[in-house]
Structures are given as structure tokens and as C-alpha cells.
Amino acid sequence: MDLGGANTDQKVIQARLSALFSDVLHVEVPAVDTDLFDTGLLDSQRFVELLLYIEENFHTHINIEDFEIGNFRCIEKIAALILQQTNGNAVPQSADGAHSYPAKTR
Amino acid sequence: MNVALAAEESAGLHMLRALARGPHRLVAVLTTPAESSSAKASLWNVARDLGFETFPAKLVRTPDLAKQLRSLDVDILLNVHSLYVIHRDVLGVPKLGAFNLHPGPLPRYAGLNSVSWALFRGETNHGVTVHRMEPEIDAGAIVYQSSFPIEADDNALSLSFKCTREGIPLMLRLLEVAASQPEQIPSSPQDPAQREYFGAEVPGQGRMSWQWPATKVVNFVRACDYFPFHAPWGYPRTRFGGQELALVKARRTGLPSDASPGTVGKPADSELGVACWDEWVSVSKVRLGDKYLDAQQVLKPGDCLSD
């Protein structure tokens with residue numbers, strides 16, 4: 001088992017999620033283990049946005065059995081879920097850091 | 001094509017971003033103004049950040065908006081989870097019409113809180129509908145529909161997410177057809193005999209009964225379950241001693257009960273259950289006052305809950 005590789009994947013996904021929170025959801029999450037619900041960083045609107053963007057950007061599908069709110073409590077847990085779902089094949093971020101969401105125009 | 005978008009909530013935000021990526025010109029965004037400029041994820045602020053012109057959503061109720069939209073040469077108006085009733089003069093402005101994304105299957109689930117009503121009524125399928133807008137709410141001809149199963153573990157939050165996931169692509173398909181072959185936009189009149197309209201009311205004013213079968217109790221809890229977020233219906237209320245206790249998470253056990261309804265017990269080793277008319281229901285999370293608590297922190301075998 002390539003634990004080093006899995007760890008690297010996990011870190012890459014965490015970094016992408018942190019960027020997603022910052023750029024799309026406009027939320028600065030202090031740390032990957034920050035509780036997103038208890039701190040009020042994730043409201044219901046942002047939560048649904050997050051799920052949609054996870055599906056789009058990581059090419060995965062959130063199933064009802066994954067819909068346990070504990071899976072989304074912090075970036076660390078979300079990254080673990082994505083890694084598990086993509087079987088370690090989470091798509092690496094493109095070199096230019098491009099996302100599938102629009103950039104600000106002003 | 002010039003598009004006007006009336007939108008709220010995450011579905012509206014997602015539609016806004018999809019439009020921003022697409023080939024059409026978004027000439028007006030009608031939504032609730034943000035309370036502050038720091039509410040950055042609000043649709044209002046996101047639209048402004050993306051460079052779109054924003055208007056307060058409530059203007060759609062007035063004929064005055066028709067003049068403004070006419071001056072913007074609007075081809076199509078899209079309504080995504082915006083709850084204001086649009087004035088008929090405004091509906092008449094877009095050249096190709098006004099279209100609504102409704103998070104429920106029409107004509108059977110018109111009105112508010114379709115997701116919660118479907119769960120409460122024990123539906124095993126749900127759907128989303130894109131329809132032409134008329135002055136009567138959710139009554140216009142159907143353009144596109146998509147249906148999907150409601151799973152036993154679905155709750156209001158998960159089903160709302162599914163509606164958004166299914167609905168946005170339907171709106172994008174509409175835009176594609178409207179831009180290329182507008183005469184091909186499907187249009188199937190709704191059958192008024194099948195129409196059911198739901199308002200803001202909550203079943204039983206939010207109270208449940210332990211005399212109900214377990215299925216009905218659990219469906220009510222699922223219908224309310226937006227945990228850990230705000231629940232529009234609140235949570236089903238019961239009485240515990242002199243206090244009101246709300247059920248936040250509950251599921252069926254399939255274990256028959258002959259205990260008096262409302263009795264708290266341990267139908268299985270690790271679970272806390274409450275007897276319904278026919279079956280034990282496993283209760284894992286409750287709300288007492290404004291606190292969400294594990295049920296085992298509040299209840300113990302031998303306690304009794306009442307209606």
C-alpha cells in the first residue's frame with residue numbers, strides 16, 4: 001500500500017478544497033480541521049454549493065450513503081471522502097490552477 | 001440572447017455561475033439585497049462581483065419593472081427559487097417567455113416546501129420541473145421534467161440538493177434550445193385535475209403523535225431534517241415532562257412494539273427507541289430549547305413522551 005502517495009493525494013485535495021472555500025464560497029477556513037458547522041462557516045446555501053462543486057471539480061458523485069453530515073464537518077474529512085470516492089484518482093489541479101467557475105470581472 | 005435571472009438560494013447561485021460561464025448576456029439579476037458587503041456568498045454580492053446589474057427581487061411584484069426590463073431588451077426570464085410572485089406585466093416582457101425551475105413534480109406538488117411535503121407523504125419518487133410562468137403560481141405549461149427516486153435515507157437537505165443537481169441542467173438545456181430553435185421549446189399543459197397546491201403551513205402545526213405508525217413519525221422527521229441548518233418547518237414536537245422536545249434524527253427499526261405509545265425503551269442493544277403505535281422508532285438526536293443534543297443525553301428507558 002502506498003501510504004505516502006495517499007497522504008500526498010489527501011494534501012492536494014485539501015489544498016484544492018481550501019482554494020474552493022476561499023474563491024467560490026468566499027470563506028476563509030483557518031485550518032483543515034476547523035469545524036465548518038460549529039463555527040458557522042458553512043450555511044445551507046454554501047453547503048449545497050460545496051457539494052455541487054465537489055461533484056464538478058473532482059468528477060465524483062455524492063451518494064445518499066455519503067450524505068452523513070459528519071463527512072463534511074471539516075476540510076480534512078471532506079478530502080478523505082473525496083479520496084475514498086475517487087479511489088485515489090482525484091483529478092490533479094491543472095497547472096494554471098484553473099477551476100470550472102467564473103472569475104471576477106471587477 | 002439577453003437573459004434576466006430572478007433567483008435565490010444555492011440553486012439560484014449555481015444558476016448565476018452557470019450563466020456567467022455561458023455564451024449569453026445576463027442583463028439583470030433580481031435577488032434579495034445583501035445585508036452587508038461582507039456577506040460575500042450572497043447571490044446579490046456574487047452577482048455584483050461578477051459585474052452584473054442587480055435589482056431588488058421584490059421589484060418583480062410591480063409593473064414598473066416591466067419598463068426597465070424592456071429597455072434591457074430581455075429575451076428570456078429565468079426564475080430559480082425566487083419566491084416573489086411576478087407581476088403579469090413583467091411576465092409579458094421577455095420575448096421568448098418567463099420560465100421557472102420548481103423543486104417538485106408538477107402538477108402534483110405546486111407551491112411551497114415541495115421537498116418536505118413529498119417526504120412527509122412518504123413518496124418514493126420526486127422530481128423537478130421547468131415550466132412557463134403564468135400569473136397563477138406553478139401552473140404554466142411544462143417544458144422539462146426530471147424524476148429520481150427518494151431513498152429511505154433521504155431527508156429534506158439531501159433531497160433539496162438532488163433537486164438543485166437535477167434542475168440546473170434542465171434550465172441550461174432550455175437556454176440552449178431557446179437560443180437555437182425557440183419554436184422547439186416543449187410545452188405541455190398541466191392537468192388541473194392533478195394539481196395540488198401547498199402553502200406555508202406545517203403538518204399538524206409541527207406536532208407529531210406517538211399514536212401514529214412509525215413510518216409517519218419518521219417521514220415527518222425526515223421532511224423537517226435540514227440539520228445542522230435552519231429547518232423551515234422546525235422539527236416535529238412532542239412533550240417530555242413539562243417541556244417541548246423536538247425530534248431531529250429518527251429512523252425506523254422494524255421492531256414491533258407492544259409498549260404504550262411514547263414509552264422510551266431499548267429495543268436493541270445500543271439504540272434508544274420510542275414506541276409508536278406499531279413499532280419502535282430509533283431516535284438519535286433531539287432539540288431541547290435551542291440546543292441540539294444526542295437523545296441519550298436527554299432520554300432514558302422508562303421515560304414517557306406525550307403528544
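Colleague: How many of the six residues of β5(B) are buried?

Modeller: This is a predicted model, in which local features need a pLDDT of at least 70 and side-chain atom pairs count only at pLDDT 80 or more, while totals for chains, interfaces and linings use all residues. Residues are numbered from 1 along each chain as its sequence is written, and chains are lettered from A and ligands numbered from 1 in the order in which they are written. A residue is buried if 20 or more other C-beta atoms, placed from the backbone, lie within 10 Å of its own, exposed if 12 or fewer do, and partly exposed in between; strands (E, at least two residues) and helices (H or I, at least four) are DSSP runs numbered from the N terminus. By that count β5(B) is largely enclosed by the rest of the structure, because the number of its residues that are buried is six of the six.

Colleague: Which residues of β5(B) are buried on one side and which on the other?

Modeller: In a regular strand the side chains alternate between the two faces of the sheet. Both faces of β5(B) are covered, with B:Gly97, B:Phe99 and B:Leu101 buried on one side, and on the other B:Ala98, B:Asn100 and B:His102.

Colleague: In which sense do β5 and β7 of chain B pair?

Modeller: Two strands pair if DSSP finds at least two bridges between them, and β5 (residues 97-102) and β7 (residues 125-132) of chain B have four bridges. Across this pair B:His102 stands opposite B:Thr129, and B:Leu101 stands opposite B:Val130. The sense of the pairing is antiparallel.

Colleague: What is the bridge partner of B:Leu78 in β5(B)?

Modeller: Strand β5(B) also pairs with β4(B), in the parallel sense and over five bridges. Within β5(B), the bridge partner of B:Leu78 is B:Phe99.

Colleague: Which are the edge strands of the open sheet in chain B?

Modeller: The sheet has seven strands with mixed pairing, in the order β3-β2-β1-β4-β5-β7-β8. The twist averages 20° from one strand to the next, where axes are lines fitted to C-alpha atoms, for helices over the stretch in contact, and angles run from 0 to 180 degrees between N-to-C directions. An edge strand pairs on one side only, and in this sheet the edge strands are β3 (54-56) and β8 (142-149).

Colleague: Which residue of β2(B) stands opposite B:Ala4?

Modeller: Strand β2(B) is largely enclosed by the rest of the structure, because five of its seven residues are buried. It pairs with β1(B) in the parallel sense over five bridges, and the residue of β2(B) that stands opposite B:Ala4 is B:Ala28.

Colleague: Which element gives the largest share of the side of chain B that touches chain A?

Modeller: Two residues are in contact if their C-beta atoms, placed from the backbone, lie within 7 Å, and 25 residues of chain B are in contact with 20 residues of chain A. Both α1 (9-21) and α6 (156-180) of chain B supply at least two residues of that side. The largest share, seven residues, comes from α1(B).

Colleague: How far apart do the C-alpha centres of domain 1 and domain 2 of chain B lie?

Modeller: Domain 1 covers 2-198 and domain 2 covers 205-306, with bounds that come from an automatic or database domain assignment. Nine residues of domain 1 are in contact with 11 residues of domain 2, yet the C-alpha centres of the two domains lie apart by 35 Å.

Colleague: Against which elements do the buried residues of α7(B) pack?

Modeller: Helix α7 (residues 214-224) of chain B is mostly covered, with nine of its 11 residues buried, among them B:Phe220 and B:Arg222. The elements of chain B against which these buried residues pack are α5, α6, β11 (243-256) and β14 (279-288).

Colleague: Which helix of chain A has the highest mean pLDDT?

Modeller: The pLDDT is the predictor's confidence in each residue, from 0 to 100, and chain A averages 79. Over residues 91-106 of chain A the pLDDT is below 50. Among the elements of chain A, α1 (residues 3-23) has the lowest mean, 84, and the highest, 92, belongs to α3 (residues 75-85).
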